[in-house]
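Have the structure open while you read.

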Amino acid sequence: MTDIQADLARPLILARAPTAARQRGTFTVQPWLYLAPALCLLMMWTYVPLVEAFQLSFYQWNMLPTSPQRYVGLTNYQRLFALPEMRAALWNTLFYILGLVPMSVIIPLFVAIWTQDLEGRARTIYRALIFVPMIVAPVVAAILWRWLLNEDQGLITLGLETIGLGRIGFLTDPNYALATLTWITGWKLIGFSTLLFSAANAGINPSYIEAARIDGASRWGIIRDIRLPLLSPTILLLSMMTILFGAQWSFAYINVLTNGGPLKSTTNIFYLLWEYGFQTMSAGWSSAAGMIAFAGFAVIAAGCMWLTKRFAIYDN
Amino acid sequence: MTTDVSPDSIAFASGGPKSSGARRLAVHAVMILLSFMSIFPIYWMIVTSLRPENEIFSTSLWPSNPSLENYVFVLTRIPMIGMLVNTTIVSAATAILQVVTGLFAAYALVHWRMRLSGVIHGLIALSWLVPFQVTMIPNYVLASRLGLLDTLTGLIVPNAAHAFAILLLYNAMRSFPTEILEAARIDGARSWKILWQIVVPNMGAPIASLSIIAFISAWNEYFWPLLLSRKPENSVVQIGLQMFMTQEGNLWGPLMAAAALASLPILIIYLVLQRHVIESFMKSGIR
């Protein structure tokens, strides 16, 4: 359910209406018939539930069909803001996102630039290999890393012990658990991001580079003044996706590996919603927290779009 | 496990257009490290799944007596085959429905100028930004009222239309030459016929991309099945895997065999269609 579009050829703006059209001003039924299946489904499973969740956030309800929903006004919101749990979950959400940025943007960007001359067979093989984590199911990824990082017999634990670093409770020590989950989330993205940057980088018109070189620009100068600006749409896109969806991507790992623990250290806002909703059965709290998260991310999304329009440099 | 590429090292390596041997070596080192990191956990899963019980904690890179006993254990202990069949049905149905609903919606938006088309386009695009965790309670209530709990239909229907699918096909359809469509219209062809006889046959590439992505992401979907499923035999393989882990979490051999079985179909698709899979994801996005 968390997906991003990386249509690199196009800036993120709503498309203009196309030219091939008639029936100006008159109402026709036909297009609505074609639109009906998709629109009905989106209404039924996204927009109506969104409104219902908004309503639920003012009620107290334990999710049992037989028990009544009690109107409590803004109490849910007031309680949530007073809860240290909520504050901790919001901080953790921020840590997940900040931890992901190096793995989904910064390292892939420099690896892509650094390895741009790779050609032929080697390039194809590397491409095929580093893409693989992208299609591995999150549950499978969680299990693989649980095994590698297992405290007693995990290969990485044993390796670290051999080089004298001692045993680290990657998933059981509150100081490491969040970093571990961030790493697993990032593991799935790092290769794919690298491929996206490589493609964008290869698309840069070589005559710019040639011209700069003739003018005596250094390699770093070319990267700073030509490559990075022309890669800015991809940089902004991937940053935006990490910010908007990073915390959601980590949900499966939290649920499979730590259940939000140890000591709540890996609970982010989306996991908190799930806990309130389906573990403690407080639909009102879950909905209120959901509304706060939704509003927060909507503001961030708007800000990102504005940044993209303002700062992305397109080579037309 | 990060590779430090500081500006200095790049400047240092600049030796004109032809790269030096040392730089080439460093480039390969970076890529080999990244490839190793990507592939090793999967390799280790397969190796562990082939180890007999008494050498499960061995650190050798290949089992000395490879055996399939872990796979046998999994297949007898949990309804793995049934769950793989369920997952195949759910993923295929989701992919097909997303293509169909997406084609219809994109066709409507591209070929008629409606006063509301901007609003509709926005509504479709924005549905993407609504996190599923925010709407999960009303969705769950609706699904239980419709009797969809613990059914495959319940896993398919809510994902039968997706903003991503519609927008991908919309973008592809917009670049379709309008003259051909105009000509067909003048010939009096009906919109239904134009869609199936002219538009769809020319949209092979985007439809294939969308199907690949939709199938793989439906296969890997975890959260909605987690809410809906009760019994493993009515559920998909991700849920079976999670249940197996909760119950038998330290039987590493069988657990790795289960994980391998759950990933096998996707890995086979990837082996066969490798270039197409990568290109589909690159052109159209992360799911």
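Which residues of α5(A) meet which residues of α10(A)? On the α5(A) side they are Pro138(A), Val139(A), Ala142(A) and Arg146(A), and their partners in α10(A) are Ala252(A), Tyr253(A), Val256(A) and Leu257(A). Sort the residues of this contact by class and you get seven nonpolar, no polar and one charged.

Now for the geometry of that pair. Helix α5 of chain A covers residues 138–148 and helix α10 of chain A covers residues 251–258; their axes come within 9 Å and cross at roughly 45°. Angles of 65 to 115 degrees would count as roughly perpendicular and those under 35 degrees as roughly parallel, so α5(A) and α10(A) are oblique to each other. As for handedness, α5(A) passes α10(A) in a right-handed crossing.

Keep in mind that this is a predicted model. Its scores are ipTM 0.88 and pTM 0.88. In chain B the mean pLDDT is 87, with 92% of the residues scoring at least 70.

| Element of chain B | Residues | Mean pLDDT |
|---|---|---|
| helix α1, lowest | 7–13 | 39 |
| helix α7, highest | 152–156 | 95 |

Residues 1–17 of chain B have pLDDT below 50, and this stretch makes 22 contacts in the model beyond near neighbours in sequence. Where pLDDT is low, the predicted coordinates should not be read in detail.

Next, the place where the chains meet.

Finally, the domains of chain B. The assignment puts domain 1 at 7–67 and domain 2 at 74–284. Taken over C-alpha atoms, the centres of domain 1 and domain 2 of chain B are separated by 33 Å. Where they touch, seven residues of domain 1 of chain B are in contact with six residues of domain 2 of chain B. The domain 1 side of that contact in chain B is made up of three nonpolar, two polar and two charged residues.

Conventions. Residues numbered from 1 in each chain as written. Chains lettered and ligands numbered in written order. Predicted model: local features only at pLDDT ≥ 70, side-chain atom pairs only at ≥ 80, totals over all residues. pLDDT = per-residue confidence, 0-100. Helix = DSSP H or I, 4+ residues; strand = E, 2+ residues; numbered from the N terminus. Contact = placed C-beta atoms within 7 Å. Axes fitted to C-alpha atoms, helices over the stretch in contact; angles between N-to-C directions. Parallel < 35°, antiparallel > 145°, perpendicular 65-115°, else oblique. Left-handed = near helix turned anticlockwise from the far one by under 90°. Nonpolar A, V, L, I, M, F, W, Y, C, P; charged D, E, K, R; others polar. Domains from an automatic or database assignment.
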